[in-house]
Amino acid sequence: MALSFLLNTWWFLVLIGVMILVHELGHFWAARAFNVKVEVFSFGFGPRLFGFRRGDTDYRFSLILFGGYVKMAGEQPNEHPDAQPSQQESGSPHSGWGPLVDGKLDVYLWQKPRWQRLIIAAAGPFMNVVLAIAVLTGLFMVSYEKVLNPDGAVIGHVQPDSPAAKAGILPGDKIVRLNGKDKPDWEEIITKEIEGAQRTLTVTIERSGRQFPVSLTPVLDEKEGVGSAGWEGQNQIEVGAVNDGYPAEVAGLKKGDVLIKVNSIPIHSHYTLPEVIRRSEGKPVTVEYVRDGVQHTVTMKPVFKNPDATSMRWMIGVLPEIKLDIQKTSLSFPDALHESLVQNGKNASLILEFLRGILERRMAAKNLSGPVGIAHYATEAAAEGPGPFLMLMSVVSLNLAIVNLLPIPILDGGVILTLLIEMVMGRDLSLNVKEGMLKVGFVFLMMLVVFTIYNDIAKRFTGLLLPFLNLH
């Protein structure tokens, strides 16, 4: 337990440390480009632990390493004197300038034209977007993995009473068009599904050489908090794990065995095996599988257990997993950059649709993750190798950019919105209004942090049971 905590903490600090450095460097470089005095560049919040001073800037590590900040002179509303914007932006080449420091004119942030302050505020999220693109570009130049699916989007399983089942879709059907998009792959289909809760999808199905349209509306999956149509692609399924002492282990099944049939029913989905076993009512089941190119057949009698302490069910102790056919290659810089832009565009669209779904109450906020969740994902990704860790870094960096651009006071997006309002009004908002906005923004942000940490803890508690919850 202690080792797991230390690993989670370490990889969280590595991941977030890069995010903080890049984000705050964006603000820092933009501020210095406009000769704004930077007083503090801090990793973390709270009391100063250690650091060094260079010029006018104190570079420090602070006690709470869950973020960071750049403190610019004249940044807070209460540091703004009672000067009129017309005086600050009168067009005079020397209006608002401060004293000469080291041969340069250093000024307070409030003394700069609003368009420069807007650039400084946007520079942090911009750098996170640049990082997300750069990380994937570099990764794809070294290793680019493409999932091969020569048969197209063939459906391998349809859950009973699901939107797909009610629309008349059957296993073996092929999705040839989705919302006007021809030949969609499963990545596109799943994206539309999870962001499409309570939104109608128009699907064209091909069955026995005939095509026909159907409509379905994904429902909100209460467990995952996203849209679900109730279908799954046709895939090869393998044994992901075998539980000690269960019938599967006794029968000799091992991790990596490719599952072919159960009771003569082809297995093309990780739902097939558990459904057949649950319907067996304890009668022996026959499983066909392939190991090292050799096909085997075993018969075993399910046991009736409640691994999650909530419901009894028939099980053999196997965790089915999808076995993907992946082609690995490396891309040239132009191709890697193009693919990175495409992938980041898809990720950004999914993030925005998820946030929109929460606001429209079509999707659940339980999927929001905080420090604990990010630490867990970072540790898992690091254990899988540099590739997955860099993929996670790209997604987290893009998330950070989008969240920071939300029009919430205290975030960069709130600062940008305030500046845009002032530019339209032609004058500053009052000091009381700005201080009130910051207080509201701080309270909202703290509530969001508490909520996401609660989500993380709840997920981690459930996560301890996942190896058992998914055994069949």
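These questions and answers go through helix packing, aromatic pairs and loop residues in a predicted model.

Residues are numbered from 1 along each chain as its sequence is written, and side-chain values use heavy atoms, leaving out hydrogens and water. Local features need pLDDT of at least 70 and side-chain atom pairs pLDDT 80 or more, while totals for chains, interfaces and linings use all residues.

Student: How many helices and strands does the protein have?
Tutor: Helices (H or I, at least four residues) and strands (E, at least two) are DSSP runs, numbered from the N terminus. On that basis the protein has 13 helices and 22 strands.

Student: What share of the residues in the protein is buried?
Tutor: Buried means under 20% relative accessible area, exposed over 50%, and partly exposed in between (1.4 Å probe, protein chains only). Of the 472 residues, the buried share is 41%.

Student: How are α3 and α10 oriented to each other, roughly parallel or roughly antiparallel?
Tutor: Axes are lines fitted to C-alpha atoms, for helices over the stretch in contact, and angles run from 0 to 180 degrees between N-to-C directions. Helix α3 (residues 114-142) packs on α10 at about 160°, with the axes 8 Å apart. Angles under 35 degrees count as roughly parallel, over 145 as roughly antiparallel, 65 to 115 as roughly perpendicular and the rest as oblique. So α3 is, relative to α10, roughly antiparallel.

Student: Which classes of residue make up the contact of α3 with α10?
Tutor: Contact means heavy atoms within 4.5 Å. The residues include Leu 136 and Phe 140 of α3, and Gly 387 and Met 391 of α10. Ala, Val, Leu, Ile, Met, Phe, Trp, Tyr, Cys and Pro count as nonpolar, Asp, Glu, Lys and Arg as charged, and the others, Gly among them, as polar. The contact has 14 nonpolar, 5 polar and no charged residues.

Student: What separates the C-alpha atoms of Gly 387 and Leu 136?
Tutor: Gly 387 sits in helix α10. Gly 387 is partly exposed, at 22% relative accessible area. Along the chain, Gly 387 and Leu 136 are 251 residues apart, yet their C-alpha atoms are separated by 9.3 Å.

Student: How do α8 and α10 lie to each other, roughly parallel or oblique?
Tutor: The axes of α8 (residues 333-359) and α10 (residues 386-404) come within 10 Å. They cross at roughly 50°. The two helices are therefore oblique.

Student: How many nonpolar residues does the contact of α8 with α10 have?
Tutor: Among those meeting are Ile 351 and Leu 355 in α8, and Val 395 and Ile 402 in α10. The contact has no charged residues and 4 polar ones. Its nonpolar count is 7.

Student: Is the Phe 41 and Tyr 59 pair stacked, edge-to-face or tilted, and what is the angle between the planes?
Tutor: Rings of Phe, Tyr and Trp (its six-membered ring) pair if their centres lie within 6.5 Å; planes under 30 degrees apart count as stacked, over 60 as edge-to-face and the rest as tilted. The Phe 41 and Tyr 59 centres are 6.0 Å apart. The pair is tilted, with a plane angle of 35°.

Student: Which residue is found in the loop between β9 and β10?
Tutor: This loop joins β9 (201-207) and β10 (210-216).
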